[in-house]
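Please open the structure in your viewer and keep the selection tool at hand. The tour below goes from one selection to the next and says what can be found at each stop.

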Amino acid sequence: MLKVKSLHTYYGGIHALKSVSFNLPEGEIVTLIGANGAGKSTALMSISGIVPPRYGEITFLGRPIHQMSPDRIFALGVVQVPEGRRIFPLLTVTENLEMGAYLRNDRKGIAQDIDYIFSLFPRLAERRHQTGGTLSGGEQQMLAISRGLMSRPKLLLLDEPSLGLAPVLVQLIFATIEKINRENKTTIFLVEQNANMALRIAHRGYVMESGVITLQDTAANLLNSEKVKQAYLGI
Ligand code: ATP
């Protein structure tokens, strides 16, 4: 579905991605794991057009997108849920969800999707009239993912959805990501520092170190790899 080839991305003089290549097959969950500062968020922002690459190619469903603006990439169905749950704090839960559907005009479909989201996250249904800023961190993360789903993405880019959440909520978020992939066939690119949980739900994975992909394999093989165990799983 998405092919990234020899990508180089810079912040001024900082060379953040150094010839990065990877593939996201349709219908799969692919995870990108790595330490702080490895370049994982930069990879997502290069795909979504927020930090365009200086060199290299990105094709989505056969179309080159590496020179497109973020709004055009979004309109093609590539949706990023940024790190840090940037929801609209003064809008209610329902209004935040409606904002996610701003390119759609099928009122009935939008209402159905909101019902579906409330079935995925009953906690959001209970708080539908509450403003985003008054939600807990975990609830804001649920809302950020849900807002991303409201545009019916073909490819969902998730940046560290488990960051700063209590273990029970981390379990819930990962179980729901797996459910979204299974029930809607949404392709998911999951950037995570929680390598253990990410590899358990992913089909395949990539390991990034200092802007370079150093390992790639099925998620099951990466979970059993000595290098991944030592460096990322603390085993
Ligand atoms: P984290 O898990 O901490 O978010 P990451 O793997 O997502 O880390 P990036 O945020 O992509 O890593 O950062 C990759 C490199 O680019 C780092 O060296 C970082 O300091 C640098 N970088 C990121 N954003 C900027 C920026 N806006 N300006 C300058 N340098 C940046």
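**Charged side chains**

Begin by selecting Arg 104, Asp 106, Asp 113 and Arg 152, which are linked in a network of salt bridges, a salt bridge being a side-chain nitrogen of Lys or Arg within 4 Å of a carboxyl oxygen of Asp or Glu. Before going on, please note that this is a predicted model, in which local features need pLDDT of at least 70 and side-chain atom pairs count only at pLDDT 80 or more, while totals for chains, interfaces and linings use all residues. Residues are numbered from 1 along each chain as its sequence is written, and side-chain values use heavy atoms, with hydrogens and water left out.

By the salt-bridge rule, the count for the model comes to 10. Side chains of opposite charge can pair when their charged atoms come close.

Select Arg 127 next, together with Glu 126 and Glu 139. The closest N and O atoms of Glu 126 and Arg 127 are 3.1 Å apart, and the two residues form a salt bridge. Arg 127 also meets the side chain of Glu 139 in a salt bridge, again with 3.1 Å from N to O. Because Arg 127 lies in the loop between α5 (122-126) and α6 (137-149) while Glu 139 lies in helix α6, this pair ties together parts that are 12 residues apart in sequence; helices (H or I, at least four residues) and strands (E, at least two) are DSSP runs, numbered from the N terminus.

Now select Glu 160 and Lys 40, whose side chains meet in a salt bridge of 4.0 Å, N to O. Glu 160 lies in the loop between β7 (155-159) and α7 (167-184), and Lys 40 lies in helix α1 (residues 40-48), so the pair ties together parts that are 120 residues apart in sequence. Glu 160 counts as buried at 5% relative accessibility, and Lys 40 is buried as well, with a relative accessible area of 4%.

Which residues are closest to the ligand? Of the 14 residues that surround the ligand, the closest are Asn 36, Gly 37, Lys 40, Ser 41 and Thr 42, where a residue is near a molecule if one of its heavy atoms lies within 4 Å of it. Both β2 and α1 supply at least two residues each to this shell, and the largest share, three residues, comes from α1.

Look then at individual atoms of the ligand:

- An oxygen atom of the ligand lies 2.7 Å from a backbone N or O atom of Ser 41.
- The side chain of Thr 42 has an N or O atom 2.5 Å from an oxygen atom of the ligand.
- The side chain of Gln 193 has an N or O atom 3.1 Å from an oxygen atom of the ligand.

The protein covers 62% of the 630 Å² of accessible area that the ligand has on its own, with areas from the Shrake-Rupley method with a 1.4 Å probe.

**Aromatic rings**

Select Phe 22, Phe 189 and Tyr 206, which ring pairs link into a cluster; rings of Phe, Tyr and Trp (its six-membered ring) pair if their centres lie within 6.5 Å, with planes under 30 degrees apart counting as stacked, over 60 as edge-to-face and the rest as tilted. By this rule the count comes to three aromatic pairs. Phe 22 and Tyr 206 form a tilted pair, 5.8 Å centre to centre with 55° between the planes. Phe 22 lies in strand β2 (residues 14-24) and Tyr 206 in strand β9 (residues 204-209), so the pair ties together parts that are 184 residues apart in sequence.

Key: Buried < 20%, exposed > 50% of the residue type's maximum accessible area, 1.4 Å probe, protein only. Polar contact = N/O pair within 3.5 Å; in protein donor to acceptor, adjacent residues only side chain to side chain.
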